[in-house]
Amino acid sequence: MDDDDAIRNRRSVRRYTDAPVADADIDELLRLALLAPTGGMAQAWSFVVVRGEDKRRQVAELVISGGARYFSTVRPAAPGTSAEDHVAWGREYAEQALGTYRDVPVWIVGLVVPRNVFPPDQREAERTADVASLAFAMENLFVAARARGLGTVPTVFHWFVEDDFRALLDIPAEFEIPLITPLGYPVEFP
């Protein structure tokens, strides 16, 4: 698949098989992500690749749990629904929409590594540039994955369980985790 088709056909994949992804494919995807433009050529970001079965299943459980919190937070409750029932709906919906995340063979965690080179009164601008640079890298990864028949989806559900997510992967507090993605073979491309 050429670049144009990979961009046109990239989809947010939320249903995965458990088929393994070759080490060589992961390596190539990460190398292509590294070619993304960055502010000041800083590449103030890094990736954590989660492949071990136990760890990736724990990541999936946290993402599903975070998704449940997200859905019950941002989607209004049906008329006459109690708060408790709406939270239960969020859990059920997350399980339905994200349940195959437990089968994902790889998780890619995008981190922003603080540079702290801008003057203190401009640190928010530095952070914005670094988050945007990470987004460019992730987009490279998403398009390159699609060209290889692999699925991805920009995911932020870990924000809702951030302390547990950080603890699981031993991510220092000073590193920001703006975006993660499952990486695997889709049941189908939506």
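**View 1. Strand β2, covered on both faces.** In β2, Val-106, Ile-108, Gly-110 and Val-112 on one side and Trp-107, Val-109 and Leu-111 on the other are all buried (buried is under 20% relative accessible area, exposed over 50%, partly exposed in between, with a 1.4 Å probe and protein chains only). That makes seven of its seven residues buried. In a regular strand, side chains alternate between the two faces of the sheet. Strands here are DSSP runs of E with at least two residues, and helices are runs of H or I with at least four, numbered from the N terminus. The model is predicted: local features need pLDDT of at least 70 and side-chain atom pairs pLDDT 80 or more, while totals for chains, interfaces and linings use all residues. Residues are numbered from 1 along each chain as its sequence is written, and side-chain values use heavy atoms, leaving out hydrogens and water.

**View 2. The neighbours of β2 in the sheet.** β1 and β2 run antiparallel, joined by six bridges, and Val-48 sits opposite Val-109 of β2. Six bridges also link β2 to β3, again antiparallel; here Trp-107 has Pro-182 of β3 as its bridge partner. Strands count as paired if DSSP finds at least two bridges between them.

**View 3. Helix α3 and its cover.** Take a look along α3 (residues 53-74): its 22 residues reach 31 Å from first C-alpha to last, close to the 32 Å expected at 1.5 Å a residue (1.5 Å times one less than the number of residues). Its buried residues include Arg-56, Val-63 and Phe-71. Among the elements covering the buried residues are β2 (106-112) and α4 (83-98), with contact meaning heavy atoms within 4.5 Å.
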